[in-house]
Amino acid sequence: MAKRVHHPREDAEFDFILGMSGVPVLAYFTGTWPKAIEPCRAMDLVVADIADQYTGRLTAVRTDITRCPSATKRYGITGAPSYVLLKEGEMVAHRTGPMTIAEVREFLDDHL
């Protein structure tokens, strides 16, 4: 994925990105277990496109469940891929499973 999507390596970095963002955050949670790898890789391109389309209105963060266990627990993530839309650190929307670009746009537009 391009640099326009943040990739925190640990919970502290995830929290730092959240705190520094002046716009809502789309936290995209990924997994590395066999059943999650392909759907998560497919969503990488979708999230990168969304980050481009919502430049200045949204911060995109690709969050590895195993690297950010506290964030994963905090937002009730139980599967991957999962998406959490955060405003000022508070969850305003949550979805799990692969989505098309149109579905992600609808998910965001309902809450931005």
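Helices (H or I, at least four residues) and strands (E, at least two) are DSSP runs, numbered from the N terminus. The model on your screen is predicted, so local features need pLDDT of at least 70 and side-chain atom pairs count only at pLDDT 80 or more, while totals for chains, interfaces and linings use all residues. Residues are numbered from 1 along each chain as its sequence is written, and side-chain values use heavy atoms, with hydrogens and water left out.

**Stop 1: A60**

Begin by selecting A60, which lies in strand β3. With a relative accessibility of 2%, A60 counts as buried, where buried means under 20% relative accessible area, exposed over 50%, and partly exposed in between, with a 1.4 Å probe and protein chains only. If you leave aside residues up to four places away in sequence, A60 touches R4, V5, H6, L26, V47 and A51, a contact being heavy atoms within 4.5 Å.

**Stop 2**

Now show the strands. Five of them form an open sheet with mixed pairing, in the order β1-β3-β2-β4-β5, and two strands pair if DSSP finds at least two bridges between them. At the edges are β1 (5-6) and β5, each of which pairs on one side only. Strands of a sheet pair through backbone hydrogen bonds, either parallel or antiparallel.

**Stop 3**

Which residues of α1 are buried? They are D11, F14, I17 and L18, and because they fall within an arc of 125 degrees when seen down the axis of α1, they line one face of the helix. The arc is that of the directions from the helix axis to the C-beta atoms. What covers these buried residues includes β1, β2, β3, α3 and β4, whereas A12, F16, G19 and M20, on the other side of α1, are exposed.

**Stop 4: helix α4**

Move to helix α4 (residues 101-109), in which V104, F107 and L108 are buried. Those three cover an arc of only 95 degrees around the axis, which puts them on the same side of α4. The buried residues of α4 pack against β2 (25-30), α2 (34-53), β4 (82-87) and β5 (90-96), and the helix lies across β2, β4 and β5, running at about 155 degrees to β5.

**Stop 5: charged pairs**

A salt bridge is a side-chain nitrogen of Lys or Arg within 4 Å of a carboxyl oxygen of Asp or Glu, and by this rule the count comes to five. Select D15 and R74, whose side chains meet in one at 3.0 Å, N to O. D15 lies in helix α1 (residues 11-20) and R74 in helix α3, so the pair ties together parts that are 59 residues apart in sequence. Both partners are partly exposed, D15 with a relative accessible area of 33% and R74 with 41%.

Then select E38 and R41, which form a salt bridge at 3.7 Å, N to O; being three residues apart in helix α2, they are separated by about one helical turn. E38 is exposed, and R41 is exposed too. In a further salt bridge, the side chains of D44 and R62 meet at 2.8 Å, N to O. Since D44 lies in helix α2 and R62 in strand β3 (residues 59-64), this pair ties together parts that are 18 residues apart in sequence. D44, at 13% relative accessibility, counts as buried.

**Stop 6: two backbone details**

The peptide bond from A80 to P81 is cis, with omega near 0 degrees, and P81 is found in the loop between α3 (69-74) and β4. In the loop between β4 and β5, select E88, where phi is near 50 degrees, a positive value in a residue other than glycine. Is E88 buried or exposed? At 83% relative accessibility, E88 counts as exposed.

Methods. Axes fitted to C-alpha atoms, helices over the stretch in contact; angles between N-to-C directions.
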